[in-house]
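Here are my notes on the model you sent. Please read them alongside the coordinates.

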Amino acid sequence: MTVTLKNNESLGVRAKKIANPLSLAILGLCLWMACSRPAFAGNQTLDRCSMAIVTSQSVGSTHICDPKTIRRLAQQGHVFEQNQLGMVSMLVIGPGYDPAQALKWFEQAARKGYAPAQVNLAVMYINGWGTPTNYGTALRWLYEAANRGYARAYYNLGILYQQGHGVPKDQAEAFRYFRKGAEAGDSSAQTNLGYMYDSGLGVAKDLQAAAEWYRKAADNGNALAQNNLADLYLRGEGVPPDDATAFRLFHQAAAQGQTGARIKLGYMYSAGRGTPKDLVTAYSWITAAAIAGDARGLDLQRSLESQLSASQIAQAKENARKLNVEAEAEVSAQLLQP
């Protein structure tokens with residue numbers, strides 16, 4: 001049984017929206033908010049600290065502070081903490097969810113030239129969070145952050161040009177911005193640049209170049225890049241066919257919750273490609289994808305179900321539930337890097 005799931009969730013090709021409070025989904029696109037980093041704090045030499053809910057570990061000299069300290073520093077004009085409070089205000093898991101308040105904090109830091117806040121403010125305007133949708137204002141802030149060399153701004157500009165939101169649709173311009181973001185080290189831009197080469201969008205199709213950029217992003221832990229690179233290895237396009245490598249990459253992406261990879265991994269377990277055949281595990285991964293809202297593996301799921309006992313199905317479903325819980329925790333941690 002063949003499962004065809006070649007896709008790119010960042011570019012909206014048969015994509016599913018990602019339900020995350022710090023991402024922006026438009027027609028299946030994902031424009032990600034920028035996490036605060038001290039490197040973009042201009043000439044400020046003041047102490048900086050992060051909220052544990054936003055970052056679980058210290059970054060260099062940046063340490064964890066209590067919410068009162070964060071708020072005090074933000075009110076004193078510290079852009080790093082202003083951006084932190086904006087992010088926390090957008091966390092729907094907390095009691096302080098307030099898009100309008102987030103908008104205020106992001107704008108204060110953005111006006112002082114803090115690039116992560118400029119990107120976050122743009123995302124707010126694009127998605128209409130705490131303010132009416134305004135692509136013109138969003139573009140202004142993205143251009144400002146891009147002029148500061150901030151990689152996430154390049155990525156988001158690439159998305160807007162790729163889809164024609166607020167600007168004329170222009171694949172070549174999208175490619176240019178994705179490349180700038182990719183060269184600046186943004187893994188999502190690297191993934192999308194790989195996809196542009198993979199599909200011949202804005203550039204001549206080049207599967208070897210696609211594999212190269214997917215690999216860079218995959219090495220940076222990008223689940224979608226891991227999925228797309230695995231797909232190239234599975235099909236032997238741009239790289240030699242290698243089921244074992246495809247299986248390893250699909251497994252890495254699936255563990256992060258990438259549903260296309262979960263379905264492909266289920267297929268590989270069901271067919272014994274790159275791994276010993278294991279129908280129960282195959283059913284678990286495909287069911288986990290279905291629970292997450294991706295129904296593309298239902299045909300294979302039904303086929304496997306007919307080959308399993310009731311007790312095996314029950315165990316597989318419990319495994320699928322646990323896989324989703326583990327993936328949600330891991331993805332949350334990655335999306336909120338310091």
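**Notes on the predicted model**

1. Start with the surroundings of threonine 133. Leaving aside residues up to four places away in sequence, Thr133 touches Tyr125, Ile126, Asn127 and Gly128. This is a predicted model, so read each point below as describing a prediction.

2. Where does threonine 133 lie? Its place is the loop between α4 (115-127) and α5 (135-147). Threonine 133 counts as partly exposed, because its relative accessibility is 45%. Valine 123 is 10 residues away from threonine 133 in sequence. Their C-alpha atoms are 9.6 Å apart in space.

3. Next, a helix pair. Helix α10 (residues 223-235) and helix α12 (residues 259-271) have axes that come within 10 Å. The axes cross at roughly 35°. The crossing of α10 past α12 is left-handed. On the α10 side, Asn227, Asp231 and Leu234 make the contact.

4. Now the aromatic rings. How many aromatic pairs does a search of the whole structure find? The search finds four. One of them joins tyrosine 155 and phenylalanine 178. The ring centres are 6.1 Å apart and the planes stand at 45°, so this pair counts as tilted. It links distant parts of the chain. Tyrosine 155 belongs to helix α6 (residues 151-163) and phenylalanine 178 to helix α7 (residues 171-183), 23 residues apart. Tyrosine 155 and phenylalanine 178 are both buried.

5. Phenylalanine 247 and tyrosine 269 also form an aromatic pair, and its geometry is edge-to-face. The distance is 5.2 Å centre to centre, with 80° between the planes. This pair, too, links distant parts of the chain. Phenylalanine 247 sits in helix α11 (residues 243-255) and tyrosine 269 in helix α12, 22 residues apart. Phenylalanine 247 has 13% relative accessibility and therefore counts as buried. Tyrosine 269 is buried as well, with a relative accessible area of 11%.

6. Two charge-over-ring arrangements deserve a look. Lysine 104 places its charged end over the ring of tryptophan 105, 4.7 Å from the ring centre. Arginine 176 has its charged end over the ring of tyrosine 177, 4.5 Å from the centre of that ring.

Notes
Residues are numbered from 1 along each chain as its sequence is written. This is a predicted model: local features need pLDDT of at least 70, side-chain atom pairs count only at pLDDT 80 or more; totals for chains, interfaces and linings use all residues. Side-chain values use heavy atoms; hydrogens and water are left out. Axes are lines fitted to C-alpha atoms, for helices over the stretch in contact, and angles run from 0 to 180 degrees between N-to-C directions. Helices (H or I, at least four residues) and strands (E, at least two) are DSSP runs, numbered from the N terminus. A crossing is left-handed if the near helix is turned anticlockwise from the far one by less than a right angle, and right-handed if clockwise. Contact means heavy atoms within 4.5 Å. Rings of Phe, Tyr and Trp (its six-membered ring) pair if their centres lie within 6.5 Å; planes under 30 degrees apart count as stacked, over 60 as edge-to-face and the rest as tilted. Buried means under 20% relative accessible area, exposed over 50%, partly exposed in between (1.4 Å probe, protein chains only). A charge sits over a ring if NZ of Lys or CZ of Arg is within 6 Å of the ring centre and within 35 degrees of the ring normal.
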